[in-house]
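I opened this notebook to look up how the strands pair and what surrounds one of the helices.

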Amino acid sequence: MSELFDVQVNEFMAKVIAKNPGETEFHQAVKEIVESIMPFVQENPKYSNKKILERMVEPERVILFRVPWVDDKGEIQVNRGYRIEMNSAIGPYKGGLRFHPTVNLGILKFLAFEQVFKNSLTTLPMGGGKGGSDFDPKRKSDNEIMRFCQSFMTELQRHIGPDTDVPAGDIGVGGREIGYLFGQYKRIRNEFTGVLTGKGINWGGSLIRPEATGYGAVYFAEEMLKTRNETLKDKIVTISGSGNVAQYAVEKLIHMGAKPVTLSDSSGFIYDPDGIDMEKLQFVLHLKNVKRGRIEEYALKYNVKYYEGQRPWSVKCHVALPCATQNEINKEEAEELMLNGCYVVSEGANMPSTPEAVEVFLKSKILYGPGKAANAGGVATSGLEMTQNSMRLPWTREEVDQRLHQIMINIHETCVKYGTEQNGYINYVKGANIGGFIKVADSMIDQGVI
Ligand code: NDP
């Protein structure tokens with residue numbers, strides 16, 4: 001970037017920081033996008049004249065509400081609920097709900113902002129949003145989860161709808177929570193519509209939706225490798241997380257002949273040098289989705305090493321798939337990955353690499369697929385679920401998977417189109433940001449000053 005662009009980015013960021021104090025993750029997400037888009041915006045004055053970036057960083061609407069509920073001891077608990085309706089230029093707001101004690105306004109604004117670009121990249125008609133609560137689902141009974149979800153939806157239902165805002169799952173919100181949320185929406189509104197995605201297969205859900213984010217991140221890694229005439233076969237892969245995204249990333253890696261060797265949760269990681277196979281994955285699925293236990297139990301069951309309180313980035317690998325949470329790879333860890341021979345990073349999680357880590361990846365000229373491109377398969381399949389709900393016709397597993405795969409190939413092509421530098425290196429960060437920006441920006445111009 002030239003000095004002029006540096007000044008422009010700094011001036012822009014100073015205003016964003018002053019207007020949104022303390023929202024560090026939001027500042028981080030905006031800066032990454034503005035840095036790669038600023039030169040493009042300056043080359044195309046229609047965007048700068050219309051103040052598109054200035055408008056895009058301001059949510060169209062922020063909803064903040066009280067979520068009171070009664071725990072199993074009969075005590076009243078109070079949590080905070082949020083929905084950020086960021087941008088509806090190309091379709092109804094779309095994005096997940098996160099239930100985690102760290103949830104705050106800044107984190108949800110970063111996620112909603114990223115979602116706008118990601119959804120645009122899928123080419124489906126979806127705007128961007130995100131929501132959630134500081135509620136901690138860990139160690140809660142099923143009944144407590146249900147009562148919380150019912151209270152949360154009692155307020156949220158007045159702000160969402162199949163043509164307005166369609167939430168889905170994220171950290172701490174899986175099939176069980178979506179079920180309780182959907183039940184309450186239906187009960188209050190007296191309508192059976194596609195207001196949420198990630199629904200159960202018997203009541204409007206799409207086949208492959210639970211698998212989609214993990215599968216998509218693996219398809220994206222495969223597309224990146226193809227640019228160097230390679231495939232995932234026999235590649236050693238480190239993965240963080242052991243939730244929805246990580247589980248299905250492992251499954252697809254096994255299908256593709258790669259060797260996944262790590263999984264983690266917020267307590268530590270396991271390293272299985274023989275590779276996680278389908279039988280071991282079934283154990284993980286039961287452990288995490290039914291028993292709701294800790295990943296340490298994998299180490300006890302299969303007699304492999306467990307690293308308490310650590311992340312898996314010190315393990316030797318060709319490919320890394322961060323699938324847990326934001327800022328889970330820092331500069332030192334990125335450098336260690338490079339030293340150990342890793343040359344592909346495909347982000348299943350949102351913004352898992354710090355800006356310093358991203359700099360290391362780009363300087364090392366590795367194949368680095370940022371979350372908004374690499375994990376877009378989840379929301380893309382949510383878009384397919386919305387289509388099936390509108391048509392009231394379910395598609396087969398094969399049909400949805402084939403569409404998902406094609407969408408990931410198309411997103412990769414968009415990144416190559418806008419991200420290939422003069423020396424031939426594909427900067428997927430730039431490619432995804434510009435590729436996602438254009439359609440939203442043009443639609444905002446078409447729709448006037450809104
Ligand atoms: P889950 O709740 O199913 O799993 C999250 C996993 O990450 C768990 O293993 C959890 O461990 C771990 N984790 C969460 N927070 C932390 C933390 N602060 N430090 C260390 N580990 C942590 O969530 P998902 O798999 O759905 O989501 C994972 C990531 O993927 C998130 O960044 C999400 O935004 C992103 N994503 C998800 C999509 C989806 O379709 N679900 C779509 C696109 C992106 P523990 O159980 O100990 O908390």
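The entries below take the sheets first and then the helix.

I note that this is a predicted model, in which local features need pLDDT of at least 70 and side-chain atom pairs count only at pLDDT 80 or more, while totals for chains, interfaces and linings use all residues. Residues are numbered from 1 along each chain as its sequence is written, and side-chain values use heavy atoms, with hydrogens and water left out.

**Five-stranded sheet.** I looked up the strand order and found an open sheet of 5 strands, β1-β2-β4-β3-β5, with mixed pairing; strands are DSSP runs of E of at least two residues, helices runs of H or I of at least four, numbered from the N terminus, and two strands pair if DSSP finds at least two bridges between them. Its edge strands are β1 (61-70) and β5 (165-168), each pairing on one side only. Within it, β2 (residues 76-87) and β4 (residues 128-133) run antiparallel and are joined by 6 bridges, and G81 has S133 in β4 as its bridge partner.

**Three-stranded sheet.** I then found 3 strands in an open, antiparallel sheet ordered β8-β9-β10, where β8 (262-265) and β10 (305-308) are the edge strands. Strand β9 (residues 268-271) pairs with β10 over 4 bridges, and G268 has E308 in β10 as its bridge partner.

**Helix α16.** I checked the length of α16 (residues 397-419): at 1.5 Å a residue, its 23 residues should span 33 Å, and the end C-alpha atoms are 32 Å apart, which agrees; the expected span is 1.5 Å times one less than the number of residues. Its buried residues (under 20% relative accessible area, 1.4 Å probe, protein chains only) include V400, L404, I411 and C415.

Note on methods:
Buried means under 20% relative accessible area, exposed over 50%, partly exposed in between (1.4 Å probe, protein chains only).
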